[in-house]
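Please read this briefing alongside the sequence and the coordinates. The points are grouped by topic.

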Amino acid sequence: MIRSKGIKIVGGTAIGVIRLYKTPNREINPSPAADPVYEQVRFESARKTVMAQRRELRLRTHRSLGKKEAAIFEAHEMILEDQRFIDQCENMILEQNRRADMAVSVVMDSLVRDLQESDEEGFRARSSDILDLKRSFLDVLSGVDNSWEHGDRPVIIAAEELAPSQLINLDKEILLGIVTRKGSPFSHTAILAKSLNIPFIIGCEDISSDWDGRKAALDADEQCVYIEPSPEIRKALTRKQEAEKKDRAELLKLKGQDNVTIDGHHVELWANIGAPQDIKAVLDNDADGIGLFRSEFIYLGRDAEPSEFEQVEAYRSVIEGIAPGKVIIRICDLGSDKLPGYMFSGKEENPALGCRGIRFCLTHRETFKRQLRALLRAAAFGGLGIMIPMVMDINEILKTKELLRECSDELTKEGLDHKMPRLGIMIETPAAAICADELAKEVDFFSIGTNDLTQYACALDRQTPGLEDVWDAHHPAVFKLIEMAVKAGHDAGIPVGICGELASDTEVTGRLLQMGVDVLSVDPSAVLPLRRRIRGLKL
Ligand code: PEP
Ligand code: MG
């Protein structure tokens, strides 16, 4: 038995035969074009064919998965229609006498290099889309059909890397799991695999051609794949699959039930999201509302700041999608590990302690005002709360309120509909927890971000690999800070929630409820397990 480690992208288990997905390496003919005009016609005809293929994939994906997933292929169509891309290829053909396949290859490789040099992982991950398009182009130009034959037996696929179009073209009825050597959690393949709920691990260095056709078991939860698994491993994974199926069926029975303890203590159970498309998971898992919409994700993975209108539409779709449930949108927590390339202004010595969250907003006034205006306009569509990230003192709240008033006056003058949302703050610095009594007088609610609160209370970087063993989510200092914030909030008559990872830790649910926490906001997949835990508790 071989046990090979990887990194989890989508959890779950699979048992079956492993098949190697081979993407043929296309040879590019380096000789100059014999007839450049003929090569230009070949290029244009191939471009149109790839466009038609992508359109078909987009429509198919829209039907089977939805709009968000289909947008992946819409973006491919936009690249193919981009005039700069077309001009670059045509110039290479007509002015440098290159063959069509050489021109496409050079132009796309240069795009890939630019993306891979980006500081932002979201951008680097987009390079696999360009490689996907390049491969399709070269297939069409070579006239060879490269659709991969997997037969009709269920398989776990092992590949160097799997492109979005390759994944969508696979028969999902027989696709049990995916293991790749390369890949990124931010790639479009990862997004599609999540929507399809196919167990998937990346970074599996041991993949080799002699795995092809062998029996395998994938345990994506444990981030590993077994080749020729022992009978014990097979038995254990089969048991796990059966138990998971049964457990999910049990959990689904809790939909529509109250989050109430045996002795009648009710708590709000909300969900955390990173994009409007996540609403489906929130509704499927029956959360009461959205306790944290990490709005900074709207700014990432793109090459320009989102406009005010674009933001209004994104916030509005969340508010309307979850109504009558309430929504809390966090003001963008940009900086530290979440900084788009177009806002990058030099490396910081210590980014986690640098220009991040509200500090970033107050030093990027125009960007901040654009978001505040969008939030004020979106608030007119339903119950909206907004909250300030990384607060450390009262002046940051006062300055935000001043800007909110300024934006509201501007919108009134412009005759644009808007409403003042409820204003809260994240308690995620020890300074905010310690001064919570003072801060509570200025806001409508608190939401405790235990991820950062733990990082800053323990002076322990949450990003540095290798520190996982020292990370203590149950550190007594963190619980003392939570207790201080809850007491200060309640003394001032405002509700206090938790939206960090600790909120879904069922080991401490009883303790958090005893402290008086009013709202727990968690990943959508954690809502029903947490509801079960709450319903089994007696405080
Ligand atoms: C937190 O810090 O606990 C939190 C919810 O915010 P983020 O994880 O996005 O920093
Ligand atoms: Mg945080």
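Predicted model: local features only at pLDDT ≥ 70, side-chain atom pairs only at ≥ 80, totals over all residues.

Residues are numbered from 1 along each chain as its sequence is written, chains are lettered from A and ligands numbered from 1 in the order in which they are written, and side-chain values use heavy atoms, with hydrogens and water left out.

**Overall chain**

- The chain has 19 helices and 16 strands; helices (H or I, at least four residues) and strands (E, at least two) are DSSP runs, numbered from the N terminus.
- With a radius of gyration of 26 Å, close to the 24 Å that the globule rule gives for 539 residues, the chain is as compact as a globular protein of that length. The radius is taken over C-alpha atoms, and the rule is 2.2 Å times the number of residues to the power 0.38.
- Along the principal axes, the C-alpha atoms fill a box of roughly 80 × 65 × 45 Å.
- Of the 539 residues, 49% count as buried (buried means under 20% relative accessible area, exposed over 50%, partly exposed in between, with a 1.4 Å probe and protein chains only).

**Ligand 1**

- There are 14 residues around ligand 1, of which Arg294, Arg330, Gly449, Asn451 and Arg462 come nearest; a residue is near a molecule if one of its heavy atoms lies within 4 Å of it.
- By class, this shell has seven charged, four polar and three nonpolar residues. Ala, Val, Leu, Ile, Met, Phe, Trp, Tyr, Cys and Pro count as nonpolar, Asp, Glu, Lys and Arg as charged, and the others, Gly among them, as polar.
- Strand E10 (290–294) and helix H16 (450–457) each supply at least two residues of the shell, and H16 gives the most, with three residues.
- A backbone N or O atom of asparagine 451 lies 2.7 Å from an oxygen atom of ligand 1, and a polar backbone atom of glycine 449 lies 3.4 Å from an oxygen atom of the ligand.
- An N or O atom in the side chain of glutamate 428 is 3.1 Å from an oxygen atom of ligand 1.
- Taken alone, ligand 1 exposes 290 Å², and the protein buries 98% of that (Shrake-Rupley method, 1.4 Å probe).

**Magnesium ion (ligand 2)**

- The protein donors of the magnesium ion are Glu428 (OE) and Asp452 (OD), lying 2.0 to 2.1 Å from it. Donors are N, O and S atoms within 2.8 Å of the metal (3.2 Å for Na, K and Ca), and sites may look incomplete because water is not among the atoms.
- Glutamate 428 sits in the loop between strand E13 (422–427) and helix H14 (430–434), and aspartate 452 in helix H16, 24 residues apart.
- Both glutamate 428 and aspartate 452 are buried.

**Backbone features**

- Alanine 323 and proline 324 are joined by a cis peptide bond, with omega about 5°; proline 324 is in the loop between helix H10 (308–322) and strand E11 (327–330).
- Asparagine 97, not a glycine, has a positive phi of about 55°. Asparagine 97 is in the loop between helix H3 (83–96) and helix H4 (100–116) and is partly exposed at 33% relative accessibility.
- Methionine 390, also not a glycine, has a positive phi of about 60°. Methionine 390 is in the loop between strand E12 (384–388) and helix H13 (394–414) and is buried, with a relative accessible area of 1%.

Methods
Polar contact = N/O pair within 3.5 Å; in protein donor to acceptor, adjacent residues only side chain to side chain.
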